[in-house]
Amino acid sequence: LNYDYDEQGETWPFFLLTLLLVLLIPSTLIQFWRIIKNNDSEDEVTRKYKEINKKAGRDVVPLEELNELYTDDKIKKFRKKFDHSSKSKILNLRNLLIIIGWVIVSVLVQRISNNDAIKEAASGMFDPYELLGISTSASERDIKSAYRKLSVKFHPDKLSKDLSEKERTTMEEMYVQITKAYEALTDEAMRENFLKYGHPDGPQSTTHGIALPQFLVEGAASPLLVFAYVSLLALILPYIVSKWWSRTQSYTKKGIHVNTASYFADRLVNYKPSEVVTTNLIINWLSHAEEFQIFFPNKTPAYFEKLLLNHINRVPMDENPTDVLIKYRIVAKCHSLLYGLLDIASGFRNTDIALAALDTFKCLVQAVPHNQYSQILQLPNVNKEHFIDSTEDVYTVGKLFTFEDNKIQKMLGIEDKDQFEHTMKVASNIPVLKLLKADFIVPGEKHVTPSAMAYISVKVLVRSPKHKFIPLKKFPDETLQEPTDFDFLKDPFASMNEKPLLPYSFAPFFPSSRRNAWCCLVALQKDLKILQSPFILERLSLTNLTKDLDKRVLKELGDDFDPKDWEIGSIRIPLAQAAPPEKGDFPFRIIIKSTDYFGCDLDFTIFMHVSD
Amino acid sequence: NQALARRYQSILKRKEVAIEKW
Amino acid sequence: TIDYNANSKLISIAKDLAAEPSADYESLEINVNQINRLTKGLIETTNPNFTPEPNAELSKVIKGLFDTGMKNIAQQKKLPEALKNISLAIDTSTTKRYPWEAFAIQLQELQFMLRQKVDLELVTLKYLDAIQDLDMLLNTGMIHADVFLRKTDALLRLKQWELARIECERGLSLDPKNPKLNALMLQCVTLLAEYNG
């Protein structure tokens, strides 16, 4: 009828302690795991380079360090503020909260152990093992012998005569307890009672109470507590839930705002065939993104468009530091916007827009406009005017590497030797894909049958623009076959997840550090329309880049060339639709475009031969 | 018919874009 | 937002809207122009039944221009004039014909004349113009190996190796045994290899 409040502070510390531990133990474990787990494991290309350099006694600056070297201080500051991956793993708010939590826990434990009332309550508990002075795993014989010994000591008849009244009573009580303890462990009925109620005599008195100290519930603090509860339930909770709900509703699956997505969709629905698709058009579309409007409500799309174009053309904006920060923010956001646009364009089956979106991606990542010079201008330290004016017919990094180093240095207009070395390092690490073989494969079948679920298997050779051209015939057919073991047939795409992640790109002008990715589009040659949403390739081994096969040094590919040294990359693109139900040959166009670098794309046609 | 005519008349503009691009 | 001129019976967009062009404004403009063209045609036409039959007089004019062009082709030195004649014929067809005439006939006429124009342009070294007209042909649904053959050729002349290769591949996917396309493909691949060092 009447609940007792926790006047002696017996129960509420336990309540609070339980609450805190429920929160602290999992979060502490998670944080520990986060700190300990691979601290941004060096990507394998860097590791390979370090290995090679150690063996050769060389000391070459790894690509990641170069990226750091060429990144502007302003961008580094921006990254510290916004980039989650660069936040310290040890010094952050979450760890601080956890530490505070554990401090409170220790205070509570202290308080509990110092609280006499709790101690009293605890000591009132019946522990037969303690009374008999034996361990909890003692056998029956041990129990009997302990009882015999103690009963001899405490039996009222055996007590010495010269004990005081008080001492005598204590001894007698002790004897009763010991007898009870012995019976609790041996006698069936009492043992049952002990197990059920914790005391051999049956259920003891129990109290029910509210684990809150009285001062909180009655008295001055009471209305405060009521107010706290009401505001939590009626105000804070609904507010949090509604905020979360509206956030979930306002963003599409790809992570862009629904208004942005509907703007892109609107542009695509009203897309006129007479409109030419250029990167400027895509930039114009991007500048209308709702995200930009949310970040900076008092700016117009025209302003954002100007900033984006300034970024691509590397227009110095030193006199407007706020504009520069805004520029970093919106350029960084373009990553998810472009992926969103790509997805929507694929949904509308518009190849031109999808390709333009990917080209724009490259332009934004490298801060280079899309023209014939893009491949060279993406390299660091290039003197733009000097290079464009020079008479050599060089537009690709591959062509650049056909010249001797001093000639290249002159062409690019780089005077400093170290800078030139850095440029060469970056240039030779741009991963170029060479197509070895591409096929439609139905797992477990020799060829594609009508209405079968096929996938596209693309065998590529990752090579550096510096490498000498390796003809296809150097790779025997067996090396280009798909595996036929059972695990592979069950899930052909699982093996792709075991490949290492693509390393961080060399993109000193992009506000956040990013990894390279290849976007695979599948279209029909008949009408040039995209068939399915793009497949993003994030894992591929780039160890071939560390191989030394300089085309200027090697006149011929000698007999000592071993194709086994070279890693053959497998790209498996799942197809969303089944093969056509009729027999015949269906040409497909596969486009594999990089999001970060110019000059490492693949674009080829393969036939799907459907036969019985 | 009108769409066809518009597409044909946009050729001049497309030519300008191509010149700039290439 | 729309003003109507009772004398000319044409509509136009209100001046204050014209100041801020936007995507919606463009659609509005296209609609207004379409309606005006229709109105003009309706006022001009003498045929009260609005049959989809192409106007015989106009057809004669267009054919005349076209035939002059063909005659000029026969005389090797008059190729630029031939091009002018055929261009004029096409312009007349697209601007002067009434919108309600049969689309299939207009399309066929256009495609036929465009093919001649493209060949003339290629011969007179107007490669960029040829590419634009070839793109037009592709947009109207004329997906034939011949079109890709000419487009590849024009792109190669303009040194757009990768674009040329893509068009050539598309042509070959339609007609894998085409000898000219195969020859061009070899050319593309060789030039690309040189381009990429």
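Trainee: Where in chain A does Leu554(A) lie?

Mentor: This is a predicted model. Look between strand 6 (535-537) and strand 7 (568-574) of chain A. Leu554(A) lies in the loop between strand 6 and strand 7.

Trainee: Is Leu554(A) buried, partly exposed or exposed?

Mentor: Buried means under 20% relative accessible area, and exposed means over 50%. Leu554(A) has a relative accessible area of 27%, so the residue is partly exposed.

Trainee: Which residues is Leu554(A) in contact with, leaving aside its neighbours within four places in sequence?

Mentor: Contact means heavy atoms within 4.5 Å. With the neighbours within four places set aside, the partners of Leu554(A) are Lys468(A) and Leu549(A).

Trainee: What separates the C-alpha atoms of Leu554(A) and His467(A)?

Mentor: Along the chain, Leu554(A) and His467(A) are 87 residues apart.

Trainee: What percentage of the contacts in chain A with a separation of 6 or more is between residues 24 or more positions apart?

Mentor: Begin with the contacts in chain A that have a separation of 6 or more. Then take the residues 24 or more positions apart; they account for 70%.

Trainee: How many helices and strands does chain A have?

Mentor: Chain A has 612 residues, and 43% of them count as buried. Its secondary structure comes to 24 helices and nine strands.

Trainee: Which residues gather in the patch of negative charge on the surface?

Mentor: Asp and Glu count as negative. Like charges are joined within 9 Å. The residues in this patch are Glu415(A), Asp416(A), Asp418(A) and Glu421(A).

Trainee: Is Glu415(A) buried or exposed?

Mentor: Glu415(A) sits in the loop between helix 22 (405-412) and helix 23 (417-428) of chain A. Its relative accessible area is 77%, so Glu415(A) is exposed.

Trainee: What is the relative accessible area of Leu237(A)?

Mentor: Leu237(A) lies in helix 12 (residues 222-250) of chain A. Leu237(A) is partly exposed, and its relative accessible area is 46%.

Trainee: Which helix of chain C holds Leu186(C)?

Mentor: Leu186(C) has a relative accessible area of 62%, so this leucine is exposed. Its C-alpha atom and that of Cys168(C), 18 residues apart along the chain, are separated by 9.9 Å. Leu186(C) lies in helix 9 (residues 179-195).

Definitions and conventions:
Residues are numbered from 1 along each chain as its sequence is written. Chains are lettered from A and ligands numbered from 1 in the order in which they are written. This is a predicted model: local features need pLDDT of at least 70, side-chain atom pairs count only at pLDDT 80 or more; totals for chains, interfaces and linings use all residues. Side-chain values use heavy atoms; hydrogens and water are left out. Helices (H or I, at least four residues) and strands (E, at least two) are DSSP runs, numbered from the N terminus. Buried means under 20% relative accessible area, exposed over 50%, partly exposed in between (1.4 Å probe, protein chains only). Patches are made of residues with over 30% relative accessible area and no salt bridge: like charges are joined within 9 Å, nonpolar side chains (Val, Leu, Ile, Met, Phe, Trp, Tyr) within 5 Å. Accessible areas come from the Shrake-Rupley method with a 1.4 Å probe; for residues, only the protein chains shown count as cover. A salt bridge is a side-chain nitrogen of Lys or Arg within 4 Å of a carboxyl oxygen of Asp or Glu. The place of a charge is taken as NZ of Lys, CZ of Arg, CG of Asp or CD of Glu.
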